[in-house]
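Subject: The structure I promised you

Hi,

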Amino acid sequence: MSESRSVVVVGSGFGGLSSACYLADAGLDVTVLEKNDGLGGRASVLEADGFKFDMGPSWYLMPDVFERFFGHFGRDPSEFYDLERLDPHYRIFWKDGDSVDITGDRGEMRTLFESYESGAGDALDSYLDTSEEHYDVATEQFIYTDRPRLRDWVDLDVMRAAPIGLQLLGTMDDYVSKYFEHPKLKQIMQYTLVFLGGAPHNTPAIYNMMSHVDFNLGVYYPENGLASVVDACVEVGKDLGVEYVTDAEVAEIVNRREGFTVESVAGDFDADFVVSNADYAHTEQELLAEHERQYDEGYWEDRTYAPSAFLIYLGVEGDVEPLEHHTLVLPTDWDGHFEQIFDDPGWPEDPAYYLCVPSKTDDDVAPEDHSNLFALVPVASGLDDTEEVRTWYRDLVLEDIAENTGVDLRDRIVFEETFSVSEFAERYNSANGTALGLAHTLRQTALFRPPHRSSACPGLYFTGSYTTPGIGVPMCLVSGEHTASTLLDDAA
Ligand SMILES: Cc1cc2nc3c(=O)[nH]c(=O)nc-3n(C[C@H](O)[C@H](O)[C@H](O)COP(=O)(O)OP(=O)(O)OC[C@H]3O[C@@H](n4cnc5c(N)ncnc54)[C@H](O)[C@@H]3O)c2cc1C
C-alpha cells in the first residue's frame, strides 16, 4: 500500500482503535478523531477523589481474541498489562435470600447445579461441551471470517456448520429449557445475553456459546482495569504511526469524489478513505449528505436497540463484603425487567442488576480503606431520565442493594455520580441513548447487521459494535480487523 494513502478514523472505541492499527500496519497514514477528551469510546475512565472507574466494560472475556489482536502486531497482552483470573468468576444474589458463586471448577459447578435439580450436573457437562463446540465453529466461521453477503454463506465450511446453525436459530429461552428446568439454572445460563444487549426470548440460541466463555474460558481482570487495554491499543497504534486527536468532534464527512474532507471542531482533515467508528445511526443521519446514506429514518426507527443503562459510580468508606469483584443481583422472576426493556419501556421497580467492585482485586483504584464500585441496571433505551426520576431510581437501587446483599452503602458514600440514557446520547452520540448499539436479535445478527462498507458512499467504511461480529470489546477488536481488510481489498 502506497504511503501516500490516508484514512481518517472517526471515533476511538475499540473498533476504531483496532482498525487504525491494522490500517497503519498496512502502510496507510492514519488519523483518529475522537469527540471526547479521552480515547477508548465507551471504555472511558472516570477519575475523582482518588477513585478510578472504568465507565463502561469491566468484564475481560475471551482472552484468546486479545492475544490474536496483539499477536498480529508481534505483541502480547502481557507486555502491556497483567491479567488476573477472578475466583469466583462472579457471585449471584437472588432476591429470595439465596446466593451462589460461579467458578471455573467444573466439579464444584456440577455439585451446585445438582443441588437445584436432579440430573442438572450431567446436563451442565453436556451443555458446556456443546457450547464449546459452538464457540469453536462460530469463532472460525462467523466471527473471524467476515461474511457480509448472502453468497459468502454458500461455501463448504458453512454447509458443514449448517446443521448446527439451523438448530440454533431458535431462541435462547427454548434452547436452555431443553437442558434445565429450574428457573435459577436457566438464569445462570442466560444472564450473559445482557452482554449482547438481548433477552432470552429475542436472542438466537447460537449465543449459548457465551456459557463456554463464561464457565470454561474464565473471567479476567486486567491490572488497572479495561482502561489499560485501551492504552495498550493506543500504544500499538502510536508505534505504527497512528495519530490521535481528542476533543475533535466531527460535524460532517464531505465526499469530494477524489477523496474526503472530514470537518471537525479541531479542524478539517483530508483523507482518501474514512472509517467511522461513531455510532452507525449517528454517522449516517448526522454526518453524511442525504444521498450518501444507505438507510432512511424508518430503518433506524425500526431497529431493536440494545438497552441503555442506569449507572451509579460510588466511592465508599470501608469494604463491601460480601460483594465480589463481579456480583449479580437477580429477582427470581426477571421477565418483568426484560419486558420493561424491550416490550413496554419503563423504569424497572424490581430490577436485575450488576455490581462491580474492582477495588476487591486492585489496590490502585480506590484510596486506602475505601472501595470503588458501580451499579449497572440495564434499562430501555430512549427512557426519559429527568433529575427527579434519577433521584428516585438511585434511592431505589441503593435500597435494593442493602436489602438483597446486606451491604448498606448509603451512610458511607464519599463520591457519587450517575450516568444514564441522556449521557450515553450526549457523550457518545448514541441513538436513543443505547449503551451497546443494535441488539443481537435474529434479524440483526451476522449479515443482517449494517455492513462495514458503505454501498452509498464509496471510500467510507464502518466499524464497531453496530457492525459484525457485534457487541463487546473482543467483538469490536475483530470488527476493526474486518473493516480494515475490506478497505485494503478495495484499495488494492
Ligand atoms: C456500561 C457498559 C458496560 C459494558 N460492559 C462490557 C463488558 O464488561 N465487557 C465487554 O466486552 N463489553 C462491554 N460493553 C460493551 C463494549 O464496551 C462495547 O461494545 C465497545 O466498547 C464498543 O466499541 P465500539 O468500537 O463500538 O466504539 P464505541 O465505544 O461506541 O466508541 C465510539 C466512539 O465514537 C466517538 N464519536 C461519536 N460521534 C463522534 C463524532 N461525531 N466525532 C468524533 N467521534 C465521535 C464516541 O465519542 C466514542 O468514543 C459494555 C458497554 C457499556 C456501555
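To start you off: is Asn224 buried, exposed or partly exposed? Count the other C-beta atoms within 10 Å of Asn224 and you get 18, so this residue is partly exposed; it would take 20 or more to call a residue buried, and 12 or fewer to call it exposed. Keep in mind that you're looking at a predicted model.

I picked Asn224 for its backbone. Most residues other than glycine have a negative phi. Asn224 isn't a glycine, yet its phi is positive, about 75 degrees. You'll find Asn224 in the loop between β8 (220-222) and α9 (227-239).

Asn432 is another one to look up: not a glycine either, and with a positive phi of about 60 degrees. Its loop runs between α14 (421-428) and β19. Asn432 has 19 C-beta neighbours inside 10 Å, so it counts as partly exposed.

- Glu321 and Pro322 are joined by a cis peptide bond, with omega at about 5 degrees. Pro322 sits in the loop between β14 (308-317) and β15 (326-330).
- Thr468 to Pro469 is cis as well, with omega near 0 degrees. Pro469 belongs to the loop between β19 (460-462) and α15.

Now for the ligand. How many residues surround it? There are 36, and the closest are Gly11, Gly13, Gly15, Gly41 and Gly464. Two elements, α1 (14-25) and α15 (473-491), each give two or more residues to this shell. The top contributor is α1, with three residues. Sorted by class, the shell has 17 nonpolar, 15 polar and four charged residues.

Last, a pair of helices. The axes of α3 (residues 106-116) and α4 (residues 120-143) come within 7 Å of each other and cross at roughly 130 degrees. On the α3 side, the contact is made by Met109, Arg110, Thr111, Phe113, Glu114 and Tyr116, while α4 brings in Ala120, Gly121, Leu124 and Asp125. Split by class, this contact has five nonpolar, two polar and three charged residues.

Note on methods:
Residues are numbered from 1 along each chain as its sequence is written. This is a predicted model: local features need pLDDT of at least 70, side-chain atom pairs count only at pLDDT 80 or more; totals for chains, interfaces and linings use all residues. Axes are lines fitted to C-alpha atoms, for helices over the stretch in contact, and angles run from 0 to 180 degrees between N-to-C directions. Helices (H or I, at least four residues) and strands (E, at least two) are DSSP runs, numbered from the N terminus. Two residues are in contact if their C-beta atoms, placed from the backbone, lie within 7 Å. Ala, Val, Leu, Ile, Met, Phe, Trp, Tyr, Cys and Pro count as nonpolar, Asp, Glu, Lys and Arg as charged, and the others, Gly among them, as polar. A residue is near a molecule or strand if its C-beta atom, placed from the backbone, lies within 6 Å of it.
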